[in-house]
Amino acid sequence: MDFRISADDRVGSQPAKGAKPRASARGKASGQRVEPSIGGSVGMFVDDERSGGVPPNVPRAKAPKPPRRGKSRPAPQRKRSRSGGFLMGVLWWGFVACLWGGIAVIGVIVYYGAQLPSSNTWAIPDRPPNIRILAADGSLISNRGATGGEAITYRELPYYVPAAIIASEDRRFMSHFGVDPIGLAAVAVESIQARSVTRGASTITQQVAKNLFLTPDQTLGRKVQEAILAVWLEQNYTKEEILELYMNRVYFGSGATGIEAAAQTYFGVSARNLSLGQAAMLAGILPAPSAYNPKSNSERAIERQRLSLNAMAQEGYITAEEAKAAQIDPNQSVRTRVAGSESYVADWVESLMTAYLGEVKSDVVVQTTIDWKMQKDAEFIVKEAVASEGPKRGFTQGALVAMDVDGTVRAMVGGVDYQASQYNRAVTAKRQPGSTFKPFVYLAALEKGYTPDTLAEDAQFDYNGWSPRNASGKYAGTVTLRQGLAYSLNTITARLAIDVTPEVVVDVATRMGISSPLTPVPSIALGTQEVNLLELTSAYAPFANGGMGVIPDVITSIKSKEGELLYEASDAGPGRVIAPNILGEMNDMLKTAVEVGTGKGANLGGWEFAGKTGTTQDAKDALFIGYTAAMVTGVWLGNDDASKTTLSGGNVPANIWSQFMAKAHEGKQVASLPGGSYDGLLVAQQVIDPATGQVAIDPATGQPMTQYVDPGTGQAVQTMTDPATGQLLQLDPASGQFVAATAVAAPDAALQTGVAPSGTGFAPDVQFDPNTGQPLDPAGGYLVDANGNQIDPATGLPVGQVVGGNQVIQPQAIDPVTGYPLQGQNAGAGPVPIDANTGEPMTLVTDPATGQQVWVPSMPARMQPPADILVEQPPLENPGAQRTLMDIIFGDQEN
């Protein structure tokens with residue numbers, strides 16, 4: 001078979017004109033590669049070059065068609081878009097980044113979440129306890145504790161209070177799950193645009209989590225843990241509960257934690273009674289409590305209020321009209337509550353909580369004795385006096401304490417401005433009392449045996465290098481003790497303190513109620529040792545109440561929030577600290593001090609009152625302590641830096657005292673100061689066994705036996721104790737029934753040979769036998785009675801006097817004026833025994849229960865003062881003349 005190869009079939013030859021393209025090359029674009037195909041003859045792979053080529057004139061043989069392999073054709077090539085490829089790349093890599101970012105976030109959450117305790121141990125910590133302090137009438141004085149206010153429930157608040165907080169702090173609070181992604185994104189965009197952090201993105205739930213569980217550190221770990229805890233809170237508590245936690249524990253500035261504390265601190269109202277404008281202002285404080293609160297920056301507080309009200313209107317909680325009506329005029333200042341003097345009381349009460357209850361672990365309500373009206377009156381009077389007189393006399397501070405005569409505190413001012421200074425000058429500050437301490441020296445002297453009319457020398461003297469001087473520089477010579485105290489003569493007080501000894505003065509002051517430590521040195525007589533105003537005022541209360549010691553008390557009761565009684569005040573106290581007769585003499589001298597002495601600047605119309613002034617060296621302190629039968633009040637003025645003033649106790653302090661006491665006594669029944677009478681009282685004395693001369697012991701109880709004596713008759717009185725109340729009862733001879741009785745202890749001053757006390761029935765110059773207590777005839781030294789009859793020392797009766805063959809037994813008589821017994825007479829039982837404890841002669845009385853006669857201690861006569869220091873004189877017939885003379889000598893002296 002012959003094969004023909006045409007020219008067209010040659011490698012590298014050009015196709016003839018009009019010739020159709022070959023099937024194998026059909027559809028191929030110019031310049032594109034054509035995949036080779038396998039032909040039906042090997043002739044297609046002849047190397048023309050190696051064969052020498054094909055002559056140009058020789059025609060090509062037609063190649064056979066390749067076999068068909070299907071109908072598909074190659075897809076046409078599309079033009080690619082550059083922007084579409086870029087977007088797909090961004091999406092791809094964005095997806096990859098999100099994937100890895102999500103993995104990283106999960107890793108961070110797991111890492112920091114693993115540092116938290118196990119979730120089954122998470123619990124809401126207890127809120128710090130609140131101490132709610134109330135006045136006597138139930139009005140709120142203040143809240144104390146770590147928060148400054150009690151917790152309040154969500155439903156107790158007006159609807160707009162939580163609405164204001166939500167609108168201002170977390171608008172999507174009611175819809176998010178604890179973390180607000182939308183809020184986070186918005187803050188991120190704002191911060192990027194501003195190139196700084198514009199605001200926080202924490203939700204209310206996150207803030208609760210931070211406040212309850214975490215520290216305030218601004219770290220990534222803390223923020224992650226905050227978010228975890230926020231989600232946990234949302235899963236375990238309702239929105240109302242979370243918002244309630246937030247409102248009760250968020251800080252509002254000025255020491256107020258919680259909505260109730262903030263409402264009381266800034267507006268003086270409960271959160272239950274907040275107005276719309278007040279609620280909006282409190283909500284506006286929260287982003288920056290120190291900068292936005294109305295006390296520190298009124299203008300910013302008003303602007304923040306406007307923003308809060310607008311936010312509430314935008315969220316639909318209130319209308320635009322309501323928002324406008326509630327706004328404060330920017331040109332006006334915000335009227336906030338000013339902490340008054342009652343805050344000093346609240347601080348004092350808070351300091352007492354540990355002593356009364358130990359550690360306070362839950363909310364308590366404290367009922368106090370404070371009279372709200374008296375408290376505000378005292379505050380106003382002290383402030384006005386300091387404002388008007390302070391610049392002229394060089395003082396800036398004042399304090400006042402007022403109490404009932406039983407120690408119940410009714411008002412206390414610790415300073416003129418609590419907001420400027422919380423230092424309590426009535427309780428915490430200790431200052432020299434000056435001459436207000438002198439009554440304790442005179443009390444010690446009277447208990448030793450001196451009287452108000454004892455004479456003493458007002459002149460300079462030296463005692464072991466100490467030489468006291470009178471403040472006026474004047475000396476009056478011989479004066480009575482009454483005059484010495486009234487005109488506050490330092491030399492007289494110093495002589496008394498040396499005579500009775502400083503140790504006794506300390507004992508007397510402590511017994512009266514001074515609790516500060518005192519050093520027994522002679523200068524204590526002039527009030528050189530520091531005490532606080534509260535204890536000094538309470539130490540005057542026994543003069544006003546009849547001689548009973550008091551413990552100043554401001555708390556009536558303490559209850560839990562649920563009403564459980566935790567503490568209740570009792571009437572227990574130190575008991576009698578001054579004998580009635582001594583009390584009468586002290587009140588007589590202290591009345592003279594305000595009538596004609598240094599305290600004559602004090603005045604209280606219609607009431608009998610007494611008191612004492614005090615002015616320390618350079619007038620650094622000026623005091624006046626005065627009292628009536630209803631109330632005791634002490635006033636102090638001075639400077640915190642103890643700088644000198646031109647004050648004296650008799651000018652501004654006495655004026656403050658007069659103004660306050662006039663208001664405090666409005667509506668009270670006028671009463672006189674207690675005197676020196678034992679009327680209505682029984683005297684308790686230990687029973688002495690006549691066989692042994694020792695205290696008789698009750699065989700039933702093993703305790704010393706006590707005998708109660710009627711001071712008017714000297715006879716023992718039948719008594720019993722009410723088994724239900726413990727009240728002492730005495731037998732009323734008229735009705736035969738037991739009635740309530742009041743007993744006092746017999747004075748314990750030692751009996752020595754001395755002048756007969758006034759009113760005993762003996763002549764003033766009759767002396768007593770120290771062994772028997774019987775009067776001595778001044779001529780012969782034998783015993784005589786009031787009529788001059790000789791007394792048999794063996795029987796105590798006039799010599800030779802008998803009745804029916806028996807010696808007469810005379811009843812023991814007591815002088816009703818002084819309260820001292822007329823000297824007892826022996827009933828024939830031998831010599832009168834002497835009490836080994838007191839050195840006093842015993843008194844023979846009849847035991848009403850047994851009918852037997854027993855010896856009991858007598859009420860003693862007072863001791864005659866040493867002649868080389870003081871001289872006793874008969875009572876002055878016209879004391880007023882002597883006082884007038886002192887007025888001439890000392891004139892305007894006030895100390």
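**Helices, cores and a buried loop residue**

User: What covers the buried residues of helix H8?

Analyst: The cover includes strand E2 (140-145), helix H3 (160-169), helix H7 (239-249) and helix H9 (276-285), where helices (H or I, at least four residues) and strands (E, at least two) are DSSP runs numbered from the N terminus, and contact means heavy atoms within 4.5 Å. This is a predicted model, in which local features need pLDDT of at least 70, side-chain atom pairs count only at pLDDT 80 or more, and totals for chains, interfaces and linings use all residues. Residues are numbered from 1 along each chain as its sequence is written, and side-chain values use heavy atoms, with hydrogens and water left out.

User: Why is H8 called largely enclosed by the rest of the structure?

Analyst: Buried means under 20% relative accessible area, exposed over 50%, and partly exposed in between, with a 1.4 Å probe and protein chains only. Since 9 of the 9 residues of H8 (residues 259-267) are buried, the helix is largely enclosed by the rest of the structure; among them are Glu260, Gln264, Tyr266 and Phe267. Across the 895 residues of the protein, 46% count as buried.

User: What makes Ala429 count as buried?

Analyst: Its relative accessibility is 6%, and Ala429 therefore counts as buried, although this residue is found in the loop between strand E5 (409-413) and helix H15 (438-448). Leaving out residues up to four places away in sequence, Ala429 touches Tyr423, Asn424, Val531 and Asn532.

User: Why is H3 described as it is relative to helix H11?

Analyst: The axes of H3 and H11 (residues 298-314) come within 8 Å and cross at roughly 95 degrees, the axes being lines fitted to C-alpha atoms over the stretch in contact, with angles from 0 to 180 degrees between N-to-C directions. Angles under 35 degrees count as roughly parallel, over 145 as roughly antiparallel, 65 to 115 as roughly perpendicular and the rest as oblique, so H3 is roughly perpendicular to H11. At this crossing, Tyr160, Ala163, Ala164, Ala167 and Ser168 in H3 meet Ser308, Ala311 and Met312 in H11.

User: Which residues have the most contacts inside the largest nonpolar core?

Analyst: A nonpolar core is a set of buried Ala, Val, Leu, Ile, Met, Phe, Trp, Tyr and Cys residues joined through side-chain atoms within 4.5 Å. The largest one has 84 residues, and those with the most contacts inside it are Phe440, Met512, Phe543, Val554, Met586 and Tyr627. A second, separate core of 53 residues includes Ile124, Leu229, Trp232 and Val334.
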